[in-house]
Amino acid sequence: MLAYSTYSEAGGVGKTTTAANLAVAHARAGLKPLVVPLDPQDGNLSRLFGVDEDRTESVDNIVRHMIRRPKGDFEDLVRSSEGVDIVPEHNMLSDLAEYLRREKEQAEAMGEAFGMHAQLLRVLRDAGVPEKYDVLICDPPATEGPHLYNAIHATRSLAIPVEPTAKGRAAVEGLEALVTGLENQLEVEVGVLAAIPMGFKNTTDQRQIIDEIEYPTPEIIGERASLMEGCWMKQCSAFRYVRDHRDRHRDYEIETLAQFDRIARHLEDEVGLEAPNPPEPGDVEHEVMTA
């Protein structure tokens, strides 16, 4: 199974839209993706796909499963949109650290081990996710903490949206130290599958910054604020937005869709995963057929 977390310590770089569009790109190729977003903020992936209507209700959710207090089966948490299975975020994620701390204290009082940062991995394995899905994508918040640590522990790999600015360069430069720290703390190896420059305007400074990135950069995505804002307005991926909500297909938007398709193929190739029905990159009419 291909598993990765989208991560950037810089906000506003397009981390969540990248996760959503890559998930759809995997599904377009005939693979079965599961997305587990872990961001407690309202503007999250569940909102983008329009599956967050129960986030304030007293319902079963991923946090209850992580603290061993589920109200039902994991499969019952899953919602689907555009060929992608999603475990919707819930407001309980805001207090995830506290819930995990309490469960750890109770477990230790009973002489049991409880790894605070390994609970998402446990839940996914117990639910048979590696056997049922081809791709797992976690979308944690940018800040360090149990959301991020659980995501990385579960996926062991990163796809990193990068802002081609001095701020973005600093974030990339700090990534190696972050990865090393996470490896030491979580006692796992963490790899970087790709860095994805976003908002490229082809300036000299931006080209230099991108040239200095030491990780694979399969595609460089231009300034697409209007396209991404349209996705949030219509609560869908860029693929559906261009297909269903544009009067005409603009060349630069089709190229952006093609880039997401090509990035998805790069990530699949990194782990030797062969998609059964890959589309012509950017073909908005390609039918999603998952196994």
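How many residues of E6 are buried? Six of its six residues are, and E6 is mostly covered. Buried here means under 20% relative accessible area, exposed means over 50%, and partly exposed lies in between (1.4 Å probe, protein chains only). This is a predicted model, in which local features need pLDDT of at least 70, side-chain atom pairs count only at pLDDT 80 or more, and totals for chains, interfaces and linings use all residues. Residues are numbered from 1 along each chain as its sequence is written, and side-chain values use heavy atoms, with hydrogens and water left out. Helices (H or I, at least four residues) and strands (E, at least two) are DSSP runs, numbered from the N terminus.

**The sheet**

- Eight strands form an open sheet with mixed pairing. Their order is E3-E4-E2-E5-E1-E6-E7-E8.
- Strand E3 (79-81) and strand E8 (221-222) stand at the edges. Each has a single partner strand, so one side of each is left without a neighbour in the sheet.
- Two strands pair if DSSP finds at least two bridges between them.
- Strands of a sheet pair through backbone hydrogen bonds, either parallel or antiparallel.

**Strand E1**

- Strand E1 covers residues 2-6. It is mostly covered, with five of its five residues buried.
- Leu-2, Tyr-4 and Thr-6 point one way from E1. Ala-3 and Ser-5 point the other way, and all are buried.
- E1 runs parallel to strand E5 (residues 135-139), and four bridges join the two. Ala-3 has Leu-136 in E5 as its bridge partner.
- E1 also pairs with strand E6 (residues 157-162), again in the parallel sense, over two bridges. Thr-6 has Ala-159 in E6 as its bridge partner.

- Six bridges join E6 to E7, and the two run parallel. Ser-157 stands opposite Gly-191 in E7.
- Strand E7 (residues 191-200) is joined to E8 by two bridges, also in parallel. Phe-200 stands opposite Gly-222 in E8.

**Helix H8**

- Helix H8 spans residues 166-173, and Gly-168, Ala-171 and Val-172 in it are buried. They cover an arc of only 100 degrees around the axis, which puts them on the same side of H8. The arc is that of the directions from the helix axis to the C-beta atoms.
- An α-helix has 3.6 residues a turn, so residues three or four places apart point the same way.
- Ala-166, Lys-167 and Glu-173 are exposed on the other side of H8.
- The cover over the buried residues of H8 includes E6 and H9. Contact means heavy atoms within 4.5 Å.

**Helices H7 and H9**

- Helix H7 (residues 146-155) packs against helix H9 (residues 175-186) at an angle of about 80 degrees, with the axes 11 Å apart. That makes H7 roughly perpendicular to H9.
- Axes are lines fitted to C-alpha atoms, for helices over the stretch in contact, and angles run from 0 to 180 degrees between N-to-C directions. Angles under 35 degrees count as roughly parallel, over 145 as roughly antiparallel, 65 to 115 as roughly perpendicular and the rest as oblique.
- Tyr-149, Ile-152 and His-153 in H7 meet Leu-182, Gln-185 and Leu-186 in H9.
- The residues of this contact divide into four nonpolar, two polar and no charged. Ala, Val, Leu, Ile, Met, Phe, Trp, Tyr, Cys and Pro count as nonpolar; Asp, Glu, Lys and Arg count as charged; the others, Gly among them, count as polar.

- Arg-68 is not a glycine, yet its phi is positive, at about 65 degrees. Arg-68 sits in the loop between helix H3 (62-66) and E3. It is partly exposed, with a relative accessible area of 32%.
- Glu-82 also is not a glycine and has a positive phi of about 55 degrees. Its place is in the loop between E3 and strand E4 (84-86). Glu-82 counts as buried, at 12% relative accessibility.

**Glu-98 and Arg-248**

- Glu-98 belongs to helix H4 (residues 96-109). At 31% relative accessibility, Glu-98 counts as partly exposed.
- Glu-98 and Arg-248 are 150 residues apart along the chain. Their C-alpha atoms are separated by 49 Å.
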